[in-house]
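Hi there,

Here is the structure I promised to pass on. Have a look at it first, and my notes follow below.

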Amino acid sequence: MEELKMLTREDVANALHVHVNTVSMLREVGIINGIKIGKNYMFPQKVIRAFQEDYIGLDVSNREKAILSRETVENRKKCEETISQYRNKILAGVTL
């Protein structure tokens, strides 16, 4: 059940050692997705773990850098998906 625990904005800020406004900015630019419950957002632990893995080595210290980092992550994922598709075709014996 621990994996179902949702984190508040304050919990996320404490875990990442950032200000709560940084957590809000990351949510606003689409880097971490929250679930709106009443007036507040809650964040699944899975989302925070994915953020840590996807954004390692990138700068998300302000809005502009965060947007560029999000684009970088999206491009990486597209490339990984394309590589995976080619690999599956090769394994299936499909000629390219």
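A word on naming before anything else: helices (H or I, at least four residues) and strands (E, at least two) are DSSP runs, numbered from the N terminus. Please also keep in mind that this is a predicted model.

With that naming, the protein has four helices and three strands, and from the N terminus on they follow the order β-α-α-β-β-α-α. The radius of gyration is 17 Å, well over the 12 Å that the globule rule gives for 96 residues, so the protein is more spread out than a compact globule. Its C-alpha trace spans about 55 × 35 × 20 Å along the principal axes. Of the 96 residues, 22% count as buried. The accessible surface is about 7100 Å², and carbon and sulfur atoms account for 53% of it. As for contacts between residues at least 6 apart in sequence, 44% of them join residues at least 24 apart.

Now to the pocket, which I expect you will want to look at. The largest one holds about 180 Å³ of space. Its lining is made up of 13 residues, and Gly-30, Ile-31, Asp-54, Tyr-55 and Lys-77 are the ones that lie nearest the centre. Helix H3 (45-54) and helix H4 (63-91) each contribute at least two residues to this lining. Sorted by class, the lining has seven nonpolar, four charged and two polar residues.

Gly-30 comes after H2 and has a positive phi, near 90 degrees. In H2 itself (residues 20-28), Val-23, Ser-24, Met-25 and Leu-26 are buried. The buried residues of H2 pack against helix H1 (9-16), strand S3 (40-44), H3 and H4.

The other is Tyr-55, in the loop between H3 and H4. Is Tyr-55 buried or exposed? Its relative accessible area is 9%, so Tyr-55 is buried, given that the cut-off for buried is under 20%. Leaving aside neighbours within four places in sequence, Tyr-55 is in contact with Ile-31, Val-60, Ser-69, Arg-70 and Val-73. Ser-69 is 14 residues from Tyr-55 along the chain, and the C-alpha atoms of the two are separated by 7.3 Å.

That is what I have for now.

Best wishes

Methods: Residues are numbered from 1 along each chain as its sequence is written. This is a predicted model: local features need pLDDT of at least 70, side-chain atom pairs count only at pLDDT 80 or more; totals for chains, interfaces and linings use all residues. Side-chain values use heavy atoms; hydrogens and water are left out. On a 1 Å grid over the protein atoms alone, a cavity is a set of points where a 1.4 Å probe fits but cannot get out, and a pocket is an open set with protein on both sides within 12 Å along at least five of seven lines; lining residues have an atom within 4 Å of a point. Grid points are joined across faces, edges and corners, and a volume is the space filled by probe spheres set on the points. Ala, Val, Leu, Ile, Met, Phe, Trp, Tyr, Cys and Pro count as nonpolar, Asp, Glu, Lys and Arg as charged, and the others, Gly among them, as polar. The radius of gyration is taken over C-alpha atoms; the globule rule is 2.2 Å times the number of residues to the power 0.38. Buried means under 20% relative accessible area, exposed over 50%, partly exposed in between (1.4 Å probe, protein chains only). Contact means heavy atoms within 4.5 Å. Accessible areas come from the Shrake-Rupley method with a 1.4 Å probe; for residues, only the protein chains shown count as cover.
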